[in-house]
Amino acid sequence: MYKYIISILLLVGDTAAGLFAYNVLLESKIVWSNNIIIDFIIIQVIWIGLFYFTNLYNPRATLSRFEEVLKLVPLIYFTLVVLITLDVFQLSLINVEYTVLFSYGLIFASGVLLNRFLIHSLQKVLLLKNIGLSETVILGANRRGIDVFNTLNSHSHHGIKVSGFIKANDDPDYLEEIELPMPIIGDELSLHGLIKEKKINDVIIALDKPTSERVMNTIVNINGSPVSLKVLPDMYEIVMGMARTNQLVGVPLIDINLNIDTFYSKRLKRGIDIILASLGLIIILPIWILIMILIKLDSKGPIFYKQERCGREGQFFTIIKFRSMIFDAEEETGPVWAGLKDNRITKMGKFLRRLHLDETPQLINILKGEMSIIGPRPERPYFIKKLKSEYPFYNRRLKIRPGITGWAQIKQPFDISVKDVHQKLKYDFYYIENISFRLDMKILINTVWVVFWGHSR
């Protein structure tokens, strides 16, 4: 309830700032007619939408105010520049002098920032009164866990309330000689039940011996609970590329957000996929006709290559590509990764792969809802089974729709072995943890750059 109240206060304050700025924009000389009120509502809904999609209604009291300023001000002025650009090309309905529009932006931005300063100052006061704290447990009743607790306990603005320690399976025997500052409220095996019973929001993982396998297994076991995980940076090598790093009152922690079902990933991203895939099909259809003819002239076999792949939540689907290899290329070898100089690739296939044109029929998969423009590449069931046995956290990669391109593809576009896939997994986990409109646009722009330079795969 506390979080909803803070979000509503942010929303109301931003609306008040917008109302004041809009009134100044009208120079207070125009009577507030129904049309003007409707215009204000439309403008304010647009601002609220932009702020929401850029996570500017986050109620967390420990957010960096400086980072919030760096988000808000450029967003407001960039939006105004876009409006002016549209007006220059006579694509906008605004009828306001540009100097007045920028004055509106200055007043609106100042009002929004003042609103947030006041609300977040109030949050800091409430934290001192233990209101709005996030219920937290420390997994690891050991010296490392005690150090984390003591550091948190010596500060008051981190927004965390440690409810107690959870005894890890491999906590050392010297526990009996240590006086813990908080009681042990359970063990690792009962953690799922404790999270529900005590309404825990965060789990800080402070294992005594944080080996890669141990920490990864812990994360896998906790996955499924509605909590945020924070891991001490000794384990950075394991989760590198898949988590957000955050400083919490001098304690550097790695945030692992297990909840990836955001409004953007579940709703908005799908809408953008449909629009871009539809436009892409219209634009590329004439090129497809030429490609089809050249494929038939170049080698025997079908034009399209269809193969079973593993999609979201492990659902199988048939991926569509232009055939770039000889027909029945795996008849003798079975499922294998393509090599850099694979002699099974046809002459036309080399050209298609160089410009990634062999992937374009997957626009059909996108419209069917099986894929996205951007996401981890869909893998074959044979390799999925192999990778799951080696990487216990691999299932997390299947939580979102696979994509035509992704963060892994622009960072490391070619893989020929399980070792290469391991590196790509790091990039895929980073994308899943940080999925956003901004990151998707960055990947899309970089993909165009890679295609332009003809990155071979």
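In this predicted model, D202 counts as buried because its relative accessibility is 8%, and the cut-off for buried is under 20%. The residue sits in strand β4, which spans residues 202-205. Setting aside neighbours within four places in sequence, the contacts of D202 are S134, E135, T136 and V137, along with S228 and K230.

Next up is helix α10, made of residues 347-354, where M348, G349, L352 and R353 are buried. Looking down the axis of α10, these buried residues fall within an arc of 130°, so they line one face of the helix. As for what the buried residues of α10 pack against, the partners are α9 and β9 (316-322). Over on the other side of α10, K347 and K350 are exposed. Just after α10 comes H356, which takes a positive phi of about 60°.

Helix α9, covering residues 263-298, also pairs up with helix α15, covering residues 437-452. The two axes come within 11 Å and cross at roughly 35°, and the crossing of α9 past α15 is right-handed. On the α9 side, the residues involved are Y264, K269, I272 and L276, and they meet F437, D440 and L444 of α15. Sorted by class, this contact of α9 with α15 has five nonpolar and two charged residues, with no polar ones.

Definitions and conventions: Residues are numbered from 1 along each chain as its sequence is written. This is a predicted model: local features need pLDDT of at least 70, side-chain atom pairs count only at pLDDT 80 or more; totals for chains, interfaces and linings use all residues. Side-chain values use heavy atoms; hydrogens and water are left out. Axes are lines fitted to C-alpha atoms, for helices over the stretch in contact, and angles run from 0 to 180 degrees between N-to-C directions. Helices (H or I, at least four residues) and strands (E, at least two) are DSSP runs, numbered from the N terminus. A crossing is left-handed if the near helix is turned anticlockwise from the far one by less than a right angle, and right-handed if clockwise. Contact means heavy atoms within 4.5 Å. Ala, Val, Leu, Ile, Met, Phe, Trp, Tyr, Cys and Pro count as nonpolar, Asp, Glu, Lys and Arg as charged, and the others, Gly among them, as polar. Buried means under 20% relative accessible area, exposed over 50%, partly exposed in between (1.4 Å probe, protein chains only). The arc is that of the directions from the helix axis to the C-beta atoms.
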